[in-house]
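Dear colleague,

I am passing on the structure we spoke about, and below it you will find my notes on what turned up when I went through it. Please read them with the model open beside you.

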Amino acid sequence: MQDNPAATVLGHVGSNLRRFRRDAGLSQSTLAERSGISRRTIINLEAGEANISLSGLDRLADALGTTFAILVASPTAPAAAINEVAWRGRAPDSVATLLSSAPASHEAQLWTWTLGPGDRYDAEPDPAGWHEMILVIEGRLRIDFEGSSLQLSAGEHAMYASSQPYAYINDGGETVRFARTVVS
């Protein structure tokens, strides 16, 4: 693993964000107002120096009239082969990679995720109408919602509305691998 794993996460966001913002004729302040993301975060993202939640990127993409996948992908990557790391956890083997994106009412995304022992990902709610489908490939994954929780073992799957707070948790001693499909 590299000394600065954040440098490989969302590597294209800064240049894509700047390009889309300028093409739309928006100032950083106007984009901040439209997206609900602070101007300081937008400045830092464009400089490649900020960390932002996945749902924050969704809000920026929406404010720019594009999609999450287009915002994070290399400008030359086809939608069927994006293959961009979009999140890293504290454990070295915790990573989420956006594999591809397909049109849906809004968008569909296919991801692979790994969570190292003891690691977690806390998600912010997506807009109403978004759903996730999870298929555990290896290990055991816990998904916490407000007031409930799911335990999924290898081969088990779940589908739920992602317009609520939730978290992926690996409270076991082995790495968990799962596929995640996001549909809106």
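In which strand is Leu-99 found? Leu-99 lies in strand 2, which covers residues 95-102; please keep in mind throughout that this is a predicted model.

Glu-46 belongs to helix 3 (residues 39-46), where it is buried together with Ile-42 and Leu-45. Viewed down the axis of helix 3, these buried residues fall within an arc of 95°, and therefore they line one face of the helix. They pack against helix 1 (13-23), helix 2 (28-35) and helix 4 (54-64).

As for the pairing of helix 1 with helix 3, the two pack at an angle of about 115°, and their axes are 7 Å apart. On the helix 1 side, Val-13, Gly-14, Leu-17, Arg-18 and Arg-21 take part, and they meet Ile-42, Leu-45 and Glu-46 of helix 3. The residues of this contact divide into 4 nonpolar, 1 polar and 3 charged.

Finally, helix 3 is followed by Gly-48, which has a positive phi, near 75°.

Methods
Residues numbered from 1 in each chain as written. Predicted model: local features only at pLDDT ≥ 70, side-chain atom pairs only at ≥ 80, totals over all residues. Heavy atoms only, no water. Buried < 20%, exposed > 50% of the residue type's maximum accessible area, 1.4 Å probe, protein only. Helix = DSSP H or I, 4+ residues; strand = E, 2+ residues; numbered from the N terminus. Arc of directions from axis to C-beta. Contact = heavy atoms within 4.5 Å. Axes fitted to C-alpha atoms, helices over the stretch in contact; angles between N-to-C directions. Nonpolar A, V, L, I, M, F, W, Y, C, P; charged D, E, K, R; others polar.
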